[in-house]
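Dear colleague,

I am handing over the structure shown below, and after it I set out what was found. Please keep the model open while you read.

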Amino acid sequence: MACITPETFDPLNDMMRKIRHDLHRNPELGFDEIKTAERVASELRSYGLEVFEKIGGTGVIGILKNGGGNRAIGLRADMDALPISETSTHNYVSQSNGVMHACGHDGHTAMLLGAAKFLADNRNFDGTVVFIFQPNEENGLGAEAMLKDDLFTKFPVDEVYGMHNLPGAAKGSFSTRIGTICSSESLFEIDIQARGGHSAMPQKGVDAILVGSEIVQALQNIVARKLEPGSGCVVSVTEFITDGKRNVLPGSALLKGDVRARTPESRDQIQSLMQRIIKGISLSHDIDISFTFETEFIETINSPEQTEASIRVAQSLSSQVDGNRTPMSFSEDFAHLSNAKPGCFILIGNGTEGENGKPLHASDYDFNDEILTTGASYWASLVSERLPK
């Protein structure tokens, strides 16, 4: 493997920063990444890549071939922003009211473009690189949309890779693991149809708040008492909506929330236990309660061979590499791509101080420009490792 150090990318640093700042000033939400996609496509064409647009809505694909090798790998970056009003004070703050790049997708896109430029200029590989610029990661819809648009049929790859920045981790460090790296996310709704009444005469009806409170309490026993210790699962009720008034007991209540799980088996077990709890409480109060459970993000699972390769590449670039990190509780749309093809999702440290150390999705978070060269060199080195010349 040729060692392509971050310093190798110093000549491209200004280019990547400019792209990143421009994207940050002009963020776009999922499936509305019109200008972003146009910018990405324009950049790729200027590097000499074959470009395909509107894949899965607003997705962009860049194809770079070299030599006679028949192997191909996919490298993915996400492009969408979030519906958050930015409170940062730097000179490239969002110019779109109520929308900002609060998750670093601007940086992910800039790093992959930098790698595309380098690889197009140097061609230190043998085979095909498929650059995947994905829309709508935040809502868990973009990867599936691209797959439904025959992503890997039109642009076949043997394996696929993704990367995400991680605030709170040392700048330029790397971490990943074989197996589950990110949790699934399932959204649930519990619709309680009780019998409202006068607050002074609760015995005449069935208080939907009381029923809902029983459900909320009972759901907390799932992780605490029904699953294996250390399962990493989370069950959270995030909304409790009723039609009650000042002196009126509510006759209906709607509970909403989400479930995080690290394995499909745990996810299925939680769903089954939730159904049993809800059915039992429904029978005890003689009322109707409906339940829906929809998985928006499946678990992101890293394949052994591809993860070991990613760790080797990371170790060539940084002395701070954790190859067996704890799985993350957040969810990632890359899961659909690595479910379709062997792959690896890796995390790169965004830093621990200031805006770079703020949590993802915070209104004052910012991607760290100082890791652009590290991330781009990871991509280029990975191509050299997996498609050796």
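Which residues in α6 meet which residues in α7? V211, E214, I215, A218, L219, I222 and K226 in α6 meet Q269, I270, L273, M274, I277, I281 and H285 in α7.

Before going on, please note that this is a predicted model, in which local features need pLDDT of at least 70 and side-chain atom pairs count only at pLDDT 80 or more, while totals for chains, interfaces and linings use all residues. Residues are numbered from 1 along each chain as its sequence is written, and side-chain values use heavy atoms, with hydrogens and water left out.

**Helix pairs**

Helices (H or I, at least four residues) and strands (E, at least two) are DSSP runs, numbered from the N terminus. Two packed helices are described by the angle between their axes and the distance between the axes. Axes here are lines fitted to C-alpha atoms, for helices over the stretch in contact, and angles run from 0 to 180 degrees between N-to-C directions.

For helix α6 (residues 208–226) and helix α7 (residues 264–285), the axes come within 10 Å and cross at roughly 145°. This crossing is right-handed, a word used when the near helix is turned clockwise from the far one by less than a right angle, with left-handed used for anticlockwise.

α3 and helix α10 (residues 372–386) pack at an angle of about 50°, and their axes are 8 Å apart. These two helices are therefore oblique to each other, given that angles under 35 degrees count as roughly parallel, over 145 as roughly antiparallel, 65 to 115 as roughly perpendicular and the rest as oblique. The crossing of α3 and α10 is right-handed as well. On the α3 side the contact (heavy atoms within 4.5 Å) is made by G107, A110, M111, L112, A115, F118 and L119, and on the α10 side by L372, G375, A376, W379, A380 and V383.

**Helix α3 and the cores**

Just after α3, R123 takes a positive phi of about 50°.

A nonpolar core is a set of buried Ala, Val, Leu, Ile, Met, Phe, Trp, Tyr and Cys residues joined through side-chain atoms within 4.5 Å. The largest one has 53 residues, and those with the most contacts inside it are L44, L75, F131, F133, Y378 and W379. α3 gives the most to this core, with 9 residues. A second, separate core of 28 residues includes F188, L219, I281 and F291.

E385 is found in helix α10 and is buried, with a relative accessible area of 17%.

E299 lies in the loop between β13 (288–297) and β14 (300–302), and at 4% relative accessibility this residue counts as buried. Leaving aside neighbours within four places in sequence, E299 has contacts that include C182, R262 and A335.

H164, in strand β5 (residues 159–167), counts as buried at 2% relative accessibility. With neighbours within four places in sequence left aside, the residues in contact with H164 include D78, C103, H105, H108 and E332.

With best wishes

Notes: Buried < 20%, exposed > 50% of the residue type's maximum accessible area, 1.4 Å probe, protein only.
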